[in-house]
Amino acid sequence: MRLLMTQARVELSDDETPVSVEWDAPAGLPSPAPRGAPARGAPARRAPRRPLPPRRVVNVLDRWRHAGHWWEPREVRRHYYLLELDDGAQLELFREGDGWWVARVSD
Amino acid sequence: MGGEGERLSALLNVHSYYSLGAGTASPTTLVERAAAQGYRYLALTDDLNVTGMVELFRAAEEHGIRALIGATVPVTVGTEAYPFVLIATSRAGYATVCELITAAVARAERAALLPELLAHNHDVILLSGPRDGVVARLLAQRRVTELQDLLGRVGAAFPDRFYLQLFHDRYRWDSRRARAIRSLAQHLGLPVVSAPEVRYAAPDDYRLYDALTCARLGITVQQPHASRPQNDCQALLSPADVLDRLPFPDAALNAAWVAERACFELVLADQTGRRFITPPKSRLPRGEAPEDWLEERCRKALAELYAGAALARAQERFETELAAIKAFGMADFFLVTAEITDYCQRRGIMAAGRGSAAASIVCYLLGITKTEPLGRDLLFERFMHTGMRAMPDIDVDIASDRRQEVLDWVEERFGADTHAMVCNKITYHLPLAIQDLGRALGMPPELRHRLTKALGRDFRWLRPRWAAKAAVAFLEALGDAPVAHALLTLLGSMEPRHARHLAPHSGGVVLGRYPLSHYSPTERSSGGSKLLQLDKDDAEDLGLVKLDLLGLRMLAALGWAREEVMRLDGVWLDLGNLPDDPRVWDLMAEGSTLGLFQVESPSQQHTSRAMRSRNLRDLAHQVALIRPGPIQSGTVHPYLRRRQGLEAVTYWHPSLEPILAKSYGVILFQEDVLRIAVHFAGMDWEEADRFRKKISGWGAFEDIEPHREEFIARAIRHSGATREQADTVFEALKGFQGFGFAESHAWAFAIHAYASGWLRVNYPAEYLAAIFSEAPGMWSQSTKRQEARTWGVPILPLDINASAASHFRCERVRVDGKPVKAVRPPLATIKGIAEATAVAVLHERLQRGPYANADDAYRRLALTREQFEALVRAGAFDSLQERRDALFRVGALANTHVSGGFELFTAAPATPPLAPLGVEGQFTWDHESMSFSPLEIHALDFMRSQLRELGCVPLAGLRRRPHRTTVRTAGLVVSRQKPPTAKGFAFYVLEDGPVRAQLIIPPDLWDSNRELVRDAPVLVADAVVEATGYQVTLKATTLAGLRSPIAVRGYHFG
């Protein structure tokens, strides 16, 4: 299982259920800084995010809602979905406002 | 019930704010929303509580849905407590629920035991509980075998009445959980029921629910907790939404089935619509019927108390009352009340009936009241009439210091099962809401305190919903901190009468004929009182009889003064039959009424001068005059002007003259409203009583405007009044809205007021000792000490070798060679010295002689260091050694000795030479220790040079100033009033020695000096002298504050 917290693009059915999900691959692991940079305290370099192909949803396993942090200027209200994808992976996805986010994926 | 499976028609697990910290909506709001959503049934199942029941049934009747009653009760299984939901299917089932709650709340863990649940199964439907219930939790822990065994036992105890509860709050895995519970039920052969747990009305209320949950758990919103809501899905949602979550037609059908089975009528009514009244059984001699015994006892008293023409009138009135009492079946009620007042009389406890009961000759003949009603023309119909639907009130005032003794006897006499206090529903006002919600939001205590203090008297009484009106106070205390917005939003979302907790009523005792568990659970309050979960109105609606046994401090004071008179002079006073003493009326006419019952406030002092009462009738009028009803209706000034002959007495209509002649043509009493409704508008007594109730009451007035046209039409028809006359009378009645006295009540209080004045004139030292001891009335101990200078009563210093334990006592002393009586404060008046400690000090003194000094006391008394220091700082050793020396000795001894024993290590060091404390130091320490100083000094005496520099005229000098003069003066603030009826004006009392002046602060000056008038102990005012003489009144134009060695807490209102 991997925690992602990356933005997603979601296609919805008529009843507002996700039917396909597309998201960016996470940034790669940090790699050494380029030659010539200071040895200590140098910033690590990450591979850039890259888009992955859309994945089809074969089953909505669970859905739930989360709300909180109402005492702060930006209240959290999320609609979560646990989806089974066409390759057998399970994807935890949530919608917050107009945006969709992939929270984690189990494959 | 066709089609019930397609949509949910019943909500079976709904919580109101009577779940106390675990719900946010009133039963009425929940019913309104349920009805709007199309539900047909709503079961209120508050946590260990049925307080919302009567409101639920009333609201359900109004909105056309069926109310069901039950409760959520935690049950201990093994080591854990799990909530089960019980729903009553009959009145007997309701009693079962009440009994189980009573058993649960009697335990510290507030949970029933499993065997108790299994035994309390009569006429009750049981649901297995929501998310934190036993099914969901044991399934989550995979303890399936254990769960199956438990469910089998419970199912056997509740055959066909045990359901596995399905819920779905849109939490993670809730769908799977619901399916698992349904599968388990099918496996066990148990039915399931759709019963989502509702904790608030609308989704947005989840924030308040979350904050209240945090407050209840003692955590802040930053701290996670399993009991906190994870989303906003426990609102009262539509049936379609519930079905979307729980798509099980059988479960929805079962909800309707459960609801149908659980419907029953709780509030019983006979065919005429009257409530059943179930008074307790009285103790009857020779097996007589209660009506016969009541009649026999009253006829005997009639012959003793009346003669001649008065007897004939009394007999006629008695027959009328007896008929009404018999019609109501209330003979037992009167006899039981008489048993209580008889007990008080036998034990020498001051007690007297008051309120409308004082108009009843039966109450007078039974000795319940001391007011003879016929000679005073008191209206029986205010108390009781044959058309009444509600219980008549009998309120008995009991000396506050012995009230508990009476309550204990009542419990013993009537049995623990049939006796309890009604509760008060303590609802949120801003300060309390700020404390609870502010704590949940993580506001530190100092910040909450600062905000609460900033509310001042302007906003303290606001309901949280209208917190935005106090924005200025929020800005002052919180600035633009983000928490201010969150707090204001939460407060604004609270319902106006959100209940926080239940507390014992000040005097309402319920005596039942049957065990009270038939009506309500009972529990012990923190003070040990046995408490119903019903308030007085709810108890009455259920047919219970309530007696108000109220503690009255003034009766305790009168009782103590009588004891002191007996001790010093050997005279036993009959305080109900004191001789008429012109000096009492002269004293009142001067306005010198501080310390007197009901007439001691600044406004009453002014009224006393204008009234110049000369008899009890005048005094009863005066007592009734300064009340919100007469004040708001503009009665006060016409009454006083007409009484003084400054204005002609007129009547709005000739038919009103017999009613209003005694009050110079104005409406003064509740009885006047009743009589006008009957004799002018032609209502019967029942209609008139309903009309009066619409007008009277505290705060929650009904709008009587819709009744105007009907009133006018009836008055024209019945009395031949013109439309204008009838309209004027209606206006006057409308103006009387607010609390006004019953005439009978005013008479009952006038008798106590006269007794207090009589003692003040004839036994000032004894009376002063009594009002110091019992602290009735509004004035602080400090102001009473200053007033003692006017009364000529010396105050002796506190003395460990002379003071009593808990009461101020009189002593004969010589002043300037003349014998006088003086008053000495007791040891228990010291802060930190409890009565038991004071008694221990006294016992030791009586057994082994006076104390020689602080060292001697330290060796003889096993007290804490703090207690010794409190004694020293209050001056208890002043007659033996200097106060600072004594304090040093106590500190030194505490390091080397165990008090009341031997030295630990070595002798205490010798006392070094210490400077004496000085008068100002003594005065300040006295105030810190006792809230007053026996010294004949005032705080302003230490500020004289400063006040002279400021050009302040002493208050005593203002008495000779001409009217409308502008002066600068100063005084210690000893009373702060800003009544809601005063249109923004505030009334402060400034004190300088034994002289006081009333300072009127206009609204604009108040607004520009909010913090000053809230915080300054001493005010310097430029003011216009409005009235002079004994009572000086000033109208402030500018204000400034000064520091003072002391501040007086004083009287606060508004």
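Reader: Where is B:Arg612 found?
Author: In this predicted model, B:Arg612 sits in the loop of chain B between α23 (602-611) and α24 (616-625).

Reader: And what is phi there, for B:Arg612?
Author: Phi of B:Arg612 is near 50 degrees, which is a positive value in a residue other than glycine. As background, most residues other than glycine have a negative phi.

Reader: Which loop holds B:Leu48?
Author: B:Leu48 belongs to the loop of chain B that lies between β2 (41-44) and α2 (53-63). The phi of B:Leu48 is also positive, near 50 degrees, in a residue other than glycine.

Reader: Is B:Leu48 buried or exposed?
Author: B:Leu48 has a relative accessible area of 7%. Buried means under 20%, so B:Leu48 counts as buried.

Reader: Let us step back to the whole chain. How many helices and strands are there in chain B?
Author: Chain B contains 43 helices and 23 strands. Its radius of gyration is 33 Å, close to the 31 Å given by the globule rule for 1054 residues, so chain B is as compact as a globular protein of that length.

Reader: What does the C-alpha trace of chain B span along its principal axes?
Author: The spans are about 100 × 90 × 65 Å for chain B.

Reader: How much of chain B is buried?
Author: Buried residues account for 59% of the 1054 residues in chain B. The accessible surface of this chain is about 40900 Å², and carbon and sulfur atoms hold 51% of that surface.

Reader: How many positive and negative side chains does chain B have?
Author: Chain B carries 123 positive and 124 negative side chains. The centres of these two sets are 3 Å apart.

Reader: What about contacts in chain B between residues at least 6 apart in sequence?
Author: Of those contacts in chain B, 72% join residues that are at least 24 apart.

Reader: Now to the strands. How many of the residues of β15 in chain B are buried?
Author: Strand β15 (residues 545-552) of chain B is mostly covered, with seven of its eight residues buried.

Reader: Which way do β10 and β15(B) run, parallel or antiparallel?
Author: Strand β10 (residues 395-399) of chain B runs parallel to β15(B), and five bridges join the two. Within this pairing, B:Ala399 has B:Leu552 of β15(B) as its bridge partner.

Reader: And how is β12 joined to β15(B)?
Author: Strand β12 (residues 499-511) of chain B is antiparallel to β15(B), with four bridges between them. There, B:Val510 stands opposite B:Lys546 of β15(B).

Reader: Which residues does B:Thr418 touch?
Author: Leaving out residues up to four places away in sequence, B:Thr418 touches B:Val510, B:Leu511, B:Gly512, B:Arg513, B:Tyr514, B:Pro515 and B:Leu516. B:Thr418 itself lies in the loop between α15 (403-414) and β11 (419-427) of chain B.

Reader: Why does B:Thr418 count as buried?
Author: The relative accessible area of B:Thr418 is 11%. Since buried means under 20%, B:Thr418 is therefore buried.

Reader: How far apart are B:Thr418 and B:His518?
Author: B:Thr418 and B:His518 are 100 residues apart in sequence, while their C-alpha atoms are 9.8 Å apart in space.

Reader: What about B:Arg346 and B:Lys983, how far is it between their C-alpha atoms?
Author: The C-alpha atoms of B:Arg346 and B:Lys983 are separated by 49 Å, and the two residues are 637 residues apart along the chain. B:Arg346 is in helix α13 (residues 331-346) of chain B.

Reader: Is B:Arg346 buried or exposed?
Author: B:Arg346 has a relative accessibility of 60%. Exposed means over 50%, so B:Arg346 counts as exposed.

Reader: Which residues point one way from β6 in chain B, and which the other?
Author: From strand β6 (residues 124-127) of chain B, B:Val124 and B:Leu126 point one way, whereas B:Ile125 and B:Leu127 point the other way. All of them are buried.

Reader: What strands are joined to β6(B) by bridges?
Author: Strand β4 (residues 80-88) of chain B is joined to β6(B) by four bridges and runs antiparallel, with B:Ile87 opposite B:Ile125. Strand β7 (residues 162-166) of chain B runs parallel to β6(B), with two bridges, and B:Phe162 of β7(B) is the bridge partner of B:Leu126.

Reader: Finally, how many helices and strands are in chain A?
Author: Chain A has zero helices and seven strands. Of its 107 residues, 33% count as buried.

Notes: Residues numbered from 1 in each chain as written. Chains lettered and ligands numbered in written order. Predicted model: local features only at pLDDT ≥ 70, side-chain atom pairs only at ≥ 80, totals over all residues. Heavy atoms only, no water. Rg over C-alpha atoms; globule rule 2.2 N^0.38 Å. Buried < 20%, exposed > 50% of the residue type's maximum accessible area, 1.4 Å probe, protein only. Contact = heavy atoms within 4.5 Å. Areas by Shrake-Rupley, 256 points an atom, 1.4 Å probe, with all protein chains shown as cover. Lys, Arg positive; Asp, Glu negative; His and termini not counted. Charge placed at Lys NZ, Arg CZ, Asp CG, Glu CD. Pairing = 2+ DSSP bridges.
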